[in-house]
Amino acid sequence: MQHDAHTHHQHQHQHQHQHHDSGHGKASWRVAAQATLHCLTGCAIGEVLGMIIGTALGWGNMPTMALAIVLAFGFGYALTLRGILKADVDFRTAFRVALAADTLSIAVMELIDNGVIALWPGAMDAHLTDAMFWWILTLALAAAFVITTPVNKWMIGRGKGHAVVHQYHH
């Protein structure tokens, strides 16, 4: 119970701090990493699901990748939305906050992730049953995490992105 109160106090403090110096508060790496991990989870679910559906329907690489990207955005937003809706915020507000918080983050992540897969020789043709597919996906997501975390840290520090989401976590 004490931990919850401490976390709540920390969020309140961060939020107040950002207002005092016109949105130029310092975001911790831990908060940025959590926001990125949230995003990454949604992206990973979407990508794998996209691959499964695309493969099952016998689609080529490009439509499968397009579906994976659409699903990655969908799941990325959904995970953030779920957290905001728990705070009794109406759906329209929650949706706008999720869109604002995650769009850049997911876009950067998908760019890195799919860039690695597209540029890696043979990766585009690897199937879910190939070990290569899982190794490259893991590597691509790890690279995306490393590159997206500073982006999120910068956005949160400026009172954007997941800083907006933290207002609703009580």
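## Overall fold

From the N terminus on, the elements of the protein chain follow the order α-α-α-α-α-α. The count is six helices and zero strands. The model is a predicted one.

The protein chain has 170 residues, and 41% of them count as buried. Its accessible surface comes to about 9,500 Å². Carbon and sulfur atoms account for 69% of that surface. For contacts between residues at least 6 apart in sequence, 71% join residues at least 24 apart.

## Packing of helix 2 and helix 5

Two packed helices are described by the angle between their axes and the distance between the axes. Helix 2 covers residues 29–56 and helix 5 covers residues 131–157. Their axes come within 8 Å and cross at roughly 145°. The crossing of helix 2 and helix 5 is right-handed.

On the helix 2 side, the contact is made by W29, V31, A32, A33, A35, T36, L37, L40, A44, E47, V48 and M51. Helix 5 contributes F133, W134, L137, L141, F145, T148, T149, P150, N152, K153 and I156. By residue class, the contact of helix 2 with helix 5 divides into 17 nonpolar, four polar and two charged residues.

## Aromatic pairs

A search of the whole structure finds three aromatic pairs. One of them is formed by F91 and F95, and this pair is stacked. The ring centres of F91 and F95 are 6.0 Å apart, with 20° between the planes. The planes count as stacked because the angle is under 30 degrees. Both residues lie in helix 4 (residues 91–119), where they are four residues apart, about one turn of the helix. F95 has 35% relative accessibility and so counts as partly exposed.

Another aromatic pair joins F133 and W134. Here the arrangement is edge-to-face, at 4.9 Å centre to centre and 85° between the planes. That angle is over 60 degrees, so the pair is classed as edge-to-face.

W134, at 38% relative accessibility, counts as partly exposed. The value for W134 lies between the 20% and 50% limits, and therefore W134 is classed as neither buried nor exposed.

How values were computed. Residues are numbered from 1 along each chain as its sequence is written. This is a predicted model: local features need pLDDT of at least 70, side-chain atom pairs count only at pLDDT 80 or more; totals for chains, interfaces and linings use all residues. Side-chain values use heavy atoms; hydrogens and water are left out. Helices (H or I, at least four residues) and strands (E, at least two) are DSSP runs, numbered from the N terminus. Buried means under 20% relative accessible area, exposed over 50%, partly exposed in between (1.4 Å probe, protein chains only). Contact means heavy atoms within 4.5 Å. Accessible areas come from the Shrake-Rupley method with a 1.4 Å probe; for residues, only the protein chains shown count as cover. Axes are lines fitted to C-alpha atoms, for helices over the stretch in contact, and angles run from 0 to 180 degrees between N-to-C directions. A crossing is left-handed if the near helix is turned anticlockwise from the far one by less than a right angle, and right-handed if clockwise. Ala, Val, Leu, Ile, Met, Phe, Trp, Tyr, Cys and Pro count as nonpolar, Asp, Glu, Lys and Arg as charged, and the others, Gly among them, as polar. Rings of Phe, Tyr and Trp (its six-membered ring) pair if their centres lie within 6.5 Å; planes under 30 degrees apart count as stacked, over 60 as edge-to-face and the rest as tilted.
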